Amino acid sequence: MVKLIPTKEEWYRALSERHGKKTQKSFESATVAICGLGGLGSNIAFALARAGVGKLILIDFDSIDITNLHRQQYKANQIGTSKTDALKENLLEIAPYVTIETHSVRISENNAEALLEKADIICEAFDDAESKAMLVNIVTERMPEKYLVAASGMAGMGSANTIQTRRISRRFYLCGDGTSDVSEAGSLVASRVMLCAAHQAHTVLRIIAEQYET
Amino acid sequence: MVKINGKELNVAGKTIAEYLATTNYDPKRIAVERNGDIVFKSEYDEILLQDGDSIEVVSFVGGG
């Protein structure tokens, strides 16, 4: 039996009913870049696609490994596939009308501006601390007009309540507990990583809706 | 006095680089916010800390 998916019109009407027309329109016209498609990035992407954000730019150089599946939004039969291709496929299954641009490259000081040029808001979702700092310094210095939502500290089994969102400067927000390093905590647990990803995704949506942290 | 990550420190007159050299921060893992703006890395050894400055050193940890 063929199962039909909703039309684009039906899709956006349903989203408008949930979010309100004005907010939904602003979600639809936003472009968000997600740098790193692991535990943070893949979960951020799911939340933003479900919310009806118009365009996602997905960037990651890696392919899916069996050790990713416990916290990242991929499937067992996607091991070995590039994260950009697999995430695009998975997102379009749940949100068929989101526009997705993918770049299967490692973000560096040399290519960051070209990759992120079209984004209104940038999510830093790497796992490596030096990469996180690099991207934050590049974006705040060279692309000061863009909003940046980064994350630091979501490893281990600490309390869910220690994950927070803070506005560090006018356009730079930081989510996480600030201290739980995976090399010390020794673990990354789906629920706690998803909490941090949810903080980032929610911060993105609040920025789009012009509701800023004080 | 200069407020750094919530603590009042007697470091006015030092550059940001000079202050960081007295700490355990890994320079490759940080971003520095000064009075509401992120400081360019190229300016760490130029900007002098002044009395009344409010600084936050954001030190990133791994995991994601």
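## The sheet in chain B

Let's start in chain B, where strand 1 (residues 2–4) and strand 5 run parallel, joined by 2 bridges. Look along strand 5 of chain B and you'll find B:Ser54, the bridge partner of B:Lys3.

This is a predicted model: local features need pLDDT of at least 70 and side-chain atom pairs count only at pLDDT 80 or more, while totals for chains, interfaces and linings use all residues. Residues are numbered from 1 along each chain as its sequence is written, and chains are lettered from A and ligands numbered from 1 in the order in which they are written.

Zoom out, and 5 strands of chain B make an open, mixed sheet in the order 2-1-5-3-4 (strands pair if DSSP finds at least two bridges between them). Strand 2 (7–9) and strand 4 of chain B sit at the edges with a single partner strand each, so one side of each has no neighbour in the sheet.

Over in chain A, strand 2 (residues 55–59) pairs with strand 3 (residues 99–103) in the parallel sense, over 5 bridges.

## Where the chains meet

The contact takes 32 residues from chain A and 17 residues from chain B, counting residues whose C-beta atoms, placed from the backbone, lie within 7 Å. Strand 3 of chain B gives the most to its side, with 3 residues.

Terms used:
Helices (H or I, at least four residues) and strands (E, at least two) are DSSP runs, numbered from the N terminus. Two residues are in contact if their C-beta atoms, placed from the backbone, lie within 7 Å.
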